[in-house]
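Hi,

Here is the structure I promised to pass on.

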Amino acid sequence: MKNKQHMPLFHVAKRASIKWYYAFLIRAAAILLALVAAGIITTVLTGLNPFKVFGALFTGAFGSKRKLWVLLRDIAVMLCIAIALTPAYKMRFWNIGGEGQVLIGALAAALTMILLGNVVPHAVLILIMTAASVLAGAVWGVIPALFKAKWNTNETLFTLMMNYVATQITAFFIIIFEVPKGAGQIGIINQSTNAGWFPALFGNQYLLTILIVLILTVMIFFYLKYSKHGYEISVVGESERTARYIGIKVERVIIRTMALSGAICGIAGLLLVGGINHTITTSLVGGRGFTAVMVAWLAKFNPFTMIATSFLIVFMQNGAGEISTAFGLNKAFSDIITGIILFFIIACEFFINYRIVWNRRERKEEM
Amino acid sequence: MKKIIAFLLAAVMCLSLAACGGNGAPASKDGGESQAKIKAGFIFLHDENSTYDLNFINGMKEACEALGIEYISKTNIPEGQECYDAAMDLVDNGCGIIFADSFGHEDFMIQAAKESPNVQFCHATGTKAHTEGLKNYHNAFASIYEGRFLAGVAAGMKLNEMIESGKITADKAKIGYVGAFTYAEVISGYTSFFLGARSICPSATMEVTFTGSWYDETKEKEGATKLIDDNCVLISQHADSMGAPTACENAGIPNVSYNGSTKSVAPKTFIVSSRIDWAPYFKYAIECARDGKAIEADWTGTIKTGSVKLTDVNTDVAAAGTVEKLAEIQKKLEDGSLEVFDLKTFTVDGAALPNDHKADVDTDADYTPDTVVVENGAFKESKFRSAPYFDLTIDGITLLDTAF
């Protein structure tokens, strides 16, 4: 150490703003670096040509007309959960109970299908299912909100715990309605009558689901941006004290917003059961309640940007499956690739929010 | 957002160019085969880390390589819409016959079969083919109760050895069994195993615990440990992970396994394992589909036809003379002189089963018993449909929990 005063090589400074092309360049560089890193790891670990492996990613997501529809369907579900979580996050209410809220909505829809499948006409059944799912999801969202508003409990832990409660309740009902006895599964509900199944639009099974989510996305965008409720949500999110000072009833906003958040999660559950799976299992949501947190966050809580972020995540998940099929690799390997790419994409946000300032003089001296 | 989309589009173009450039048509595996071509598709619930799926994967490789055909497999397909997606994707890829290995795949396979009438769908362990009436949907299973019975004989020999050596007294010959669900396939499995053990060691009793999952390493390990703590002196299981064998190896308790040898994780406690060899069925079904012949709606392979197998006996652990005894009993099973579910050998609630006992063979939501399954003084398992339907709790077996 020659220098008495050691100066670090660089320091980090917050960016006031960033030009759009600059942000674009950073993201592009991150994805490029991610592909290079993933490529090196692929070659080192498997000896395969990384371009072929990446190619499989694309075939897996876009390879056929059916895959394209599956991709759109899965994006719709992911997007639906992400926009459901958004109002709560805008309010800085850390709802990580999306998983449970979706599952309980799905359970409500499934139970309605089982119990009323042959009792009421098809259209009425779908209406009852919708009401049941929305109500169940809203209740699951309101419970932690009530406790937060009244007793200031920790909403992160509370919503997380509610996930496990939802899973256990679902497991309980699966055992009640299992077919055949002891099998631990319900199977496709109303397979012969299709009662409670969403109708196909223009011959496509998933189109209705996709349209519902698109409409919801637009609605949430306007709700958050232009409505009085939306404004109240952002004020409460910025500062509860300010909100109180200007006469916003904070408790009411928390409960109302979580009811909305839970209700839309309930709709996601409805879509999963009525529109897609036609069955209920404890793993129906499959972690999407958590992945959606990342989708919403990456999009900075803008519902339209979430279309792009959910596309990104679902594209990689659907594409990754093809890697194991095409190359006989374990699924864990495609998870590694997905993980690397996501890591780079998330990490690059750091360089968009901050800049690195090189401490020039120091470097010259040392050289 | 635009930026992300723009970049992704650019990336798509670059990579698809790369993919197109490097990707020649996949060469067929066998070169010139003059026979009609068929491509087979396989759907697995887990991957090779599950003993159950590994057993199927091995069968797939053996059958397809013997027939010299191209095949595609999809692993880690859950029992939901993903199964339907996978099946339809295999159809899109030109598969003429598609297999699925897990019970919960059934409804989704039926859905796919209804939509693709020109493709054959074969579902292992399912129950609905004989009532669904689809020409292109089929179930298959094997008379695994014969293998279980033999594995039970090996367990009975071990119990006798422990009694003779004074390690335990005859009344302490209690077996522990880790089951998945209270489902007929599991019940039939542990009952035939127990009957095999009791045919050798008459004082044997058994306790059963359920995990509520076909594959849950932690729960299976905990279940086995619970049974060992409850003074069970030998453990067997019907669940697909290494959980129970590992627990047995740690505690030094002999283990009779399922789906294949678990000797690698339990060299000091593994005795023998029964398993279904799926290769004969795969060969049969693929050949039928290739030659345009009808596939049976319910196909049941037996020990005689090579569909039910025992692994090599681990002679370090098994009682002396086990190999010879197993060969002797197997011969009796094959020539029909021994019935596994002989009504004389077991009672339910203190009474023998009546000659007109009915079981729930045609699956329905109310579990209605619909078919007489007793013939010539024996419960005829896997005769009226391929999947097991023996779902009675016989005297001598105690269920510790029936939550699942």
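Asn259(B) counts as buried because it has 23 C-beta neighbours inside 10 Å; the cut-offs are 20 or more other C-beta atoms within 10 Å for buried, 12 or fewer for exposed, and partly exposed in between, with C-beta atoms placed from the backbone. Phi of Asn259(B) is positive, near 75°, although the residue is not glycine. For context, most residues other than glycine have a negative phi, and most peptide bonds are trans. Asn259(B) sits in the loop between S9 and strand S10 (270-276) of chain B. Helices (H or I, at least four residues) and strands (E, at least two) are DSSP runs here, numbered from the N terminus.

Before going further, the ground rules. This is a predicted model, in which local features need pLDDT of at least 70 and side-chain atom pairs count only at pLDDT 80 or more, while totals for chains, interfaces and linings use all residues. Residues are numbered from 1 along each chain as its sequence is written, and chains are lettered from A and ligands numbered from 1 in the order in which they are written.

Staying in chain B, Asn259(B) is touched by Tyr52(B), which also touches Asp240(B), leaving aside residues up to four places away in sequence. Contact means that the C-beta atoms of two residues, placed from the backbone, lie within 7 Å. Tyr52(B) belongs to helix H2 of chain B. Is Tyr52(B) buried or exposed? Buried, because there are 25 C-beta neighbours inside 10 Å. Tyr52(B) and Asn160(B) are 108 residues apart in sequence, with 30 Å between their C-alpha atoms.

Strand S9 (residues 255-258) of chain B is worth a look too. Asn255(B) and Ser257(B) point one way from it, Val256(B) and Tyr258(B) point the other way, and all are buried. S9(B) runs parallel to strand S8 (residues 234-238) of chain B, joined by two bridges, and at least two DSSP bridges are what it takes for strands to pair. Val256(B) in S9(B) is the bridge partner of Ser236(B).

On the domain level, chain B splits into domain 1 (37-143 + 279-301) and domain 2 (144-273 + 310-399), with bounds from an automatic or database domain assignment. Their centres, taken over C-alpha atoms, are 28 Å apart. In the contact between them, 20 residues of domain 1 of chain B meet 16 residues of domain 2 of chain B. On the domain 1 side, two or more residues each come from helix H2 (51-67), helix H5 (129-132), strand S5 (137-142) and strand S11 (298-301) of chain B. By class, that side has six nonpolar, twelve polar and two charged residues. Nonpolar covers Ala, Val, Leu, Ile, Met, Phe, Trp, Tyr, Cys and Pro, charged covers Asp, Glu, Lys and Arg, and the others, Gly among them, are polar.

Now for chain A. It has 14 helices and two strands, and 44% of its 367 residues count as buried. Its C-alpha atoms fill a box of roughly 85 × 60 × 40 Å along the principal axes.

Helix H5 (residues 122-151) of chain A has 30 residues and reaches 44 Å from first C-alpha to last, close to the 44 Å expected, where the expected span is 1.5 Å times one less than the number of residues. There is a kink of about 25° at Val142(A), shortly before Pro144(A); the bend is the angle between axes fitted to the seven residues ending there and the seven starting there. Asn152(A) follows H5(A), with a positive phi near 55°. Asn152(A) is exposed because it has 8 other C-beta atoms within 10 Å.

Elsewhere in chain A, a cis peptide bond joins Val179(A) and Pro180(A), with omega about -15°. Pro180(A) lies in the loop between helix H6 (155-176) and helix H7 (207-226) of chain A. S1(A) pairs with strand S2 (residues 354-358) of chain A in the antiparallel sense over five bridges, and Ala13(A) stands opposite Arg355(A).

Last, the contact between the chains takes 39 residues from chain A and 45 residues from chain B. The chain A side has 17 nonpolar, 16 polar and six charged residues.

Cheers
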